[in-house]
Amino acid sequence: MNKTIRGSLLLPLFTLLATLVACSGAEIIPGDTDLLVASGYTQYGWRSEPLSPTGYSKDKLYQADPAIRSAIEERMKELGYTLVATSDAEFLIDYIAAAGVNDGLLESTSSNVTPYPSATIGRQIDGASVDNAYALGGAKQTGNLMIVFLDNKTTDLLWQVRVSSLIQDANKVDTAAVRKAIRQGLSTLPSAP
């Protein structure tokens with residue numbers, strides 16, 4: 001990926017970083033693992049180079065990139081995959097990020113669920129319920145991290161997983177939260193053959 005394209009991904013990646021950093025939970029949408037399993041591949045490399053921070057950049061992605069890569073490498077090692085040079089890899093790993101907004105509404109396809117709260121007579125509203133109503137109301141910024149595995153020879157997609165979270169604190173990088181989100185995302189990945 002050239003530097004211009006990679007650079008254009010920095011803003012969305014920052015949003016993703018903030019999402020991964022402060023969330024306690026994440027929505028995980030894994031792809032089908034059949035192609036990866038059928039390939040029999042065990043050696044991977046990185047498709048892109050690590051980001052190089054500059055003295056002038058305030059972008060949190062530069063701080064998160066090492067945490068994201070480290071968490072992926074750690075989990076891949078646990079599963080029996082081996083990190084090798086890109087030229088020697090059977091498949092390549094990369095990640096892409098995008099920003100989003102959750103407006104607090106349920107999807108329209110949820111026909112059996114009403115988005116409107118019901119009233120219970122004689123029940124006192126507790127503080128936690130009020131806090132939850134405020135927290136869940138209105139637009140919330142989200143971030144999506146897509147981790148992709150590509151065949152090194154054909155660049156065909158072998159596997160992917162999307163990790164989505166609400167952004168709570170975009171001002172700091174919590175490497176433990178990044179690690180947890182990545183581990184959740186790679187939880188459906190099968191062990192190396």
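What percentage of the 193 residues in the protein is buried? Buried residues make up 34%, where buried means under 20% relative accessible area, exposed over 50% and partly exposed in between, with a 1.4 Å probe and protein chains only. This is a predicted model, in which local features need pLDDT of at least 70, side-chain atom pairs count only at pLDDT 80 or more, and totals for chains, interfaces and linings use all residues. Residues are numbered from 1 along each chain as its sequence is written, and side-chain values use heavy atoms, leaving out hydrogens and water.

The protein has 6 helices and 6 strands. Helices (H or I, at least four residues) and strands (E, at least two) are DSSP runs, numbered from the N terminus. Along the sequence they follow the pattern α-α-β-α-β-α-β-β-α-β-β-α. Among contacts between residues at least 6 apart in sequence, 83% join residues at least 24 apart; contact means heavy atoms within 4.5 Å.

Turn to helix α6, residues 175-185. Its buried residues are Ala177, Val178, Ala181, Ile182 and Gly185. They cover an arc of only 135° around the axis, which puts them on the same side of α6. The arc is that of the directions from the helix axis to the C-beta atoms.

Leu189 follows, in the segment after α6. Leu189 is buried, with a relative accessible area of 4%. Leaving aside neighbours within four places in sequence, Leu189 contacts Leu36, Met76, Leu79, Tyr81, Phe149 and Trp159. Leu189 and Thr33 are 156 residues apart in sequence, yet 7.0 Å apart in space, C-alpha to C-alpha.

Now the rings. The whole structure holds 5 aromatic pairs. Rings of Phe, Tyr and Trp (its six-membered ring) pair if their centres lie within 6.5 Å; planes under 30 degrees apart count as stacked, over 60 as edge-to-face and the rest as tilted. Tyr81 and Phe91 are edge-to-face, 5.9 Å centre to centre with 85° between the planes. Tyr81 sits in the loop between α4 and β3 (82-83), and Phe91 in strand β4 (residues 91-102). Both Tyr81 and Phe91 are buried. Phe149 and Trp159 also form an edge-to-face pair, at 5.1 Å and 75°. Phe149 lies in strand β5 (residues 140-151) and Trp159 in strand β6 (residues 157-166), so the pair ties together parts 10 residues apart in sequence. Phe149 and Trp159 are both buried. Ring pairs link Tyr41, Tyr44, Tyr81, Phe91, Phe149 and Trp159 into a cluster.
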